[in-house]
Amino acid sequence: MKFIENTKINFMAFKNVGFTLSGVMGIGSIIMLLFGINLGIDFKGGTTIGLNFNEPVNIEDVRKAMSSVESDGQIFDLSGEEIKHFGSTDDIMIKVKVRDNVSPDFAQHIVNHVYETMNDNVPQDKNNFILSLDTVSPKVGTELSGSALWSILSALALILLYISIRFEFKFAIGAILALVHDIIITLGIFSFTGFEVTLSTVAAFLTIVGYSLNDTIVILDRIRENMKSSGTVLLESTINKSINQSLSRTLITSLTTLLVITVLLMYGGATIRPFAFTLLVGVVIGTYSSIYVASTFLTTLYKSN
Amino acid sequence: MKKYLKVLNSFTFKVITIMNNTLRTRLLTILFIFGLGVYALLPSIRYQLLSDEQKNNLSKDEVAYFDSKSIKQGLDLKGGIYIVLEVDLPQLINSLAKNKDRKFDVFLDELSNEYRNSSADFFTAFEQKALENDLKLPRYFISYGKTKEQIVEQLNIQSNDSINRIIEIIQNRVDQFGVSEPTIQKQGNNRVVVELAGIQDSERARELLQSTALLELMIVKDIDSTNTIVRQIDNLTTTSSKKNDEIDQLFNSDTESNNLGFSSLLIAVGSDLAISSDNLPALKNILNQDNVKQVLEATGSLFLTGNSTETLINDFGEEEEVYLLYHLVDNAELTGGVIEDAQMRLSQSGVTAGQATVQVEMNNEGSREWARITGVNINKRIAIVLDKKVHMAPVIRSQIFGGATVIEGMDSIQEAEDIAIVLRAGALPVPVAIVDQRVVGPSLGADSVSAGTSSIMIGLLLIIIFIVFYYRASGLIASFSLLWTLILLLGVLALLEATLTLPGIAALILTVGMSVDANVIIFERIKEELRNGKSVRSAIDAGYERAITTIVDANLTTGIAAAVLYQYGSGPIKGFATVLFWGIIVSMFTAIIVTRFLFDFITSRKNIEKLSI
């Protein structure tokens, strides 16, 4: 098979298009992020409850049942909380905001109440009714956000260090810019879809960091190799040559990775879906950025010297 | 840094020398590693092949064998509860302090508030708040040192001790509860992480872990002194609420009824007092008022409610849920420390026959003390108080010898059993609060496992089809190495006794997708060399040699991301990082060493002129 061999595409000729595209998407993403990213309870505290009914259930019915939940003698109206289907129409996901001075069993009381109120459509064994039940205190939420941010930043710093040693500082800057570009745009698209950012999302983001870097380095490696013979004189054509040489690899690897991610998206179940979606977007953006962002910045960096 | 580079270079060098070894040595090395991987996986495979019935009939030794040798499933896959408990350090400080006054109470309130809301180091906050409030620490903690530094150091030691004690007690409770493979770990210097597999009843688990299990035996105050104190509190609450009323009436006349005195909340039930469950928050408010606290302190008494509600027919003929309210001497005659054994028993006689009770045995010292207390308090009532809730308050008819006591008032056999467990295991020295709690039902976990397994299979199949279609015979070699990547990776997980979580399964699938990459890089290089007119043999050599630095660089950077994730991540994320990290190592082995061997092996047998790639 040779559908992508010996290509001679002049990538650098389109670099302004690339810059514009990245710029527009980047700014759009930042605006999306400012408008509000849907942080999960992992980061701001609260309760999420997953419930499994026998038959398809109407969200309005659950909402009604949630309008008077008793917990330790207090009555709560929780009908305004986020309630949605989860995976199938049999399953419900409820997200309840943090409340002060509630019983530690608050989440369990909500489950008990819904179980009793809607008793004609629930499994006999209450344990089978509960799919999941998570309660995180705001304090732990703050800590988790801190460590998530910290982990992404320190991963970036370590990678910067590694590339500076193995390649050159300029290469490192290019690679890191490509990474930041990928993360911001993926985050933007992510918040646009309204998916919730959870701990798994952070894991997905770090995978994108790894993947996009992998891609970028393969190309940078070629550029370094080609620069040994041609130097920095005809940098743009060297870069063009390098991108073309590694193009088939870039596309094939992205394709195989996208294959499994699509499978994950389709068959992985509702819990994995946001994670798989993040990866899908990240891999597409990462492939694009390894071709455009890292190398175009490299030409800019060398030119400015 | 230089040292690190040296290691890296020697690693690359080793990879190259391994490749140049004779075919036989390489074959043996590869077979050895394959064998090791399969061997490590065998217990997991055997366990998977057992039927449910067989799984239930395993002996203890067999269960232990499978537990330690096969791949563990995380709570998110097999269902269970993950709870993070935080030790109430301000409460510990409170219990250690002597000569407490108003100033100290203010300080403690601020400290508790800070502790609840910020993640700053507790003792730093402690010192800072003491400074802000101009608190002379030696005044309250003289037995721990004369200077601030000494005191803080000693309190630190005390807090460490109590956390270790808490872990010990929780371990005890969980062991008696009968959960398989519980994990109980200290996190930071004020938290305990508990993972209980196979339990979904979070309420029960919480009771078991969080209940301080402080058993106190307290004398009930007589009716006269109770009436006196109710009147006193009434005066305080009505005068203080009158002022409020005047203001309230300006805005809203309806609030008047909420501000009636203490006695208006109370209901007389025989000679006992009770309070409607609806009025519980109002009662708490009154009892928390400073002036009410002072009155109670002066008489050395306190009010506690019963542990469960009773149904009462009120004046309007309606059923009403009420809690009994007890007025007790604020000094425990005896505490749970003297308990030697506690068992659930079904009551044999009397009106309570058939009800679940907890039978408590005391040690010698406790028995003597109990005999003395019951001796001097005949005809008085004694309240049996567990975690500040009164379970019963019988009248002492005669002196009790031998230390046996029965606690009644349990809702169910299960509750009685759990209380017996926590009493046996001992009381927590400090209360703990749940700050993070995750419950996964068994069905969600099972769904995830089957969804994950089918995703892996389908993903693997699609990739193999694609690779063979694109690279032909060479694609078969890559597919072979891909299959072994999966087997070896699972083997490594079994050897490491790593826990497979849902994100871990995702990482497995991702590894499958990404590990082809190394082969793609190599194959594309070989193709390039072939295009440049090299012979098959030298194209393979050159292709591998040039691809290897790229592969190492690319994988190491992903490895860095995985290592960082492992370092900072919690629970399930750690599972993801572990799989990702080992996936990188294993896929480098299979993609570089195994495929290289196969290429060399084939080209050494036949003089191939055209490579199917």
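Predicted model: local features only at pLDDT ≥ 70, side-chain atom pairs only at ≥ 80, totals over all residues.

Residues are numbered from 1 along each chain as its sequence is written, and chains are lettered from A and ligands numbered from 1 in the order in which they are written.

**Exercise 1.** Work out how helix 8 and helix 10 of chain B cross.

Step 1: find helix 8 (residues 122-132) and helix 10 (residues 148-177) in chain B; helices are DSSP runs of H or I, at least four residues, and strands are runs of E, at least two, numbered from the N terminus.

Step 2: take the axes, which are lines fitted to C-alpha atoms over the stretch in contact, with angles from 0 to 180 degrees between N-to-C directions. They come within 11 Å and cross at roughly 145°.

Step 3: list the contacts (C-beta atoms, placed from the backbone, within 7 Å). Helix 8 of chain B brings B:F123, B:F126 and B:E127, while helix 10 of chain B brings B:K148, B:V152 and B:N156.

**Exercise 2.** Find what chain A puts into its contact with chain B.

Step 1: count residues, and you get 62 from chain A and 69 from chain B.

Step 2: look for the largest share on the chain A side; helix 6 of chain A supplies it, with 14 residues.

Step 3: check the strands. Strand 6 of chain A and strand 17 (residues 432-440) of chain B run antiparallel, joined by five bridges; pairing takes at least two by DSSP. One bridge partner to spot is B:R438, facing A:D134.

Note on methods. Contact = placed C-beta atoms within 7 Å.
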